[in-house]
Amino acid sequence: MEENTKLIKDLSIAEREEIFVDIARTLEDTAREALVEGNTHFAAISNNMAEAIRVNADELARDDPENAERVLLQATAMISQFEAVHPYRMVSMAVH
């Protein structure tokens with residue numbers, strides 16, 4: 001974890017903030033997929049985490065990099081957990 005923190009420290013504030021926004025977007029996508037599959041509990045947790053990260057992205061990018069790293073690890077753990085249980089994602093073939 002110490003090596004990852006060094007990488008976070010090396011990034012600019014704008015780059016860190018962009019990472020948090022991307023993670024929030026990925027969590028929202030994961031939540032949407034979980035909701036379609038009927039896993040409302042996981043969808044709610046993912047949405048709440050995404051919203052918290054998005055609202056606090058600026059503070060997370062500017063403040064303590066160790067706390068920022070913990071938030072990133074928690075978010076990626078949520079995404080990894082969903083991907084482990086659902087390795088074959090649903091692909092929409094809808095024609096509009």
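**Whole chain**

Helices here are DSSP runs of H or I with at least four residues, strands are E runs of at least two, and numbering starts from the N terminus. The order of elements from that end is α-α-α-α-α. This is a predicted model, in which local features need pLDDT of at least 70 and side-chain atom pairs count only at pLDDT 80 or more, while totals for chains, interfaces and linings use all residues. Residues are numbered from 1 along each chain as its sequence is written, and side-chain values use heavy atoms, with hydrogens and water left out.

Now show the surface. The accessible area is about 6500 Å², with 54% of it on carbon and sulfur atoms. Such areas come from the Shrake-Rupley method with a 1.4 Å probe; for residues, only the protein chains shown count as cover. Of the 96 residues, 29% are buried. Buried means under 20% relative accessible area, exposed means over 50%, and partly exposed is in between (1.4 Å probe, protein chains only).

**Stop 1: helix 2**

Select residues 13-36. This is helix 2, with 24 residues. From first C-alpha to last, helix 2 reaches 35 Å, close to the 34 Å expected at 1.5 Å a residue. The expected span is 1.5 Å times one less than the number of residues.

Show side chains for R16, F20, I23, A24, L27, T30, A31 and A34. These are the buried residues of helix 2. Then pick R25, also in helix 2. R25 is partly exposed, at 41% relative accessibility. Draw a C-alpha distance from R25 to A50: 7.0 Å, for a pair 25 residues apart in sequence.

Step past the end of the helix to G38. G38 follows helix 2 and has a positive phi, near 95 degrees.

**Stop 2: helix 2 against helix 3**

The axes of helix 2 and helix 3 come within 8 Å and cross at roughly 165 degrees. Axes are lines fitted to C-alpha atoms, for helices over the stretch in contact, and angles run from 0 to 180 degrees between N-to-C directions. The angle makes helix 2 roughly antiparallel to helix 3. Angles under 35 degrees count as roughly parallel, over 145 as roughly antiparallel, 65 to 115 as roughly perpendicular, and the rest as oblique.

The crossing of helix 2 and helix 3 is left-handed. That label applies if the near helix is turned anticlockwise from the far one by less than a right angle; clockwise is right-handed. Contact residues on helix 2 include F20, A24, L27 and A31, and those on helix 3 include F42, S46, M49 and A50.

Zoom in on S46, in helix 3. S46 is buried, with a relative accessible area of 0%. Leaving aside residues up to four places away in sequence, S46 touches L27, A31 and M78.

**Stop 3: helix 5**

Helix 5 has 21 residues and reaches 30 Å from first C-alpha to last, close to the expected 30 Å. Its buried residues are P65, A68, E69, V71, L72, A75, M78, I79 and F82.

Look at E69, in helix 5. E69 counts as buried, at 5% relative accessibility. Its C-alpha is 7.3 Å from that of I8, though E69 and I8 are 61 residues apart in sequence.

Move along to F82, also in helix 5. F82 is buried, with a relative accessible area of 2%. F82 and A31 are 9.2 Å apart, C-alpha to C-alpha, and 51 residues apart in sequence.

**Stop 4: the partners of helix 5**

Show helix 2 and helix 5 together. Their axes come within 10 Å and cross at roughly 25 degrees. Helix 2 and helix 5 are therefore roughly parallel. Helix 2 passes helix 5 in a left-handed crossing. The contact includes R16, F20, I23 and L27 of helix 2, and A68, L72, A75 and I79 of helix 5.

The contact is made by F42, I45, S46, M49 and I53 of helix 3 with V71, Q74, A75, M78, Q81 and F82 of helix 5.

Key. Contact means heavy atoms within 4.5 Å.
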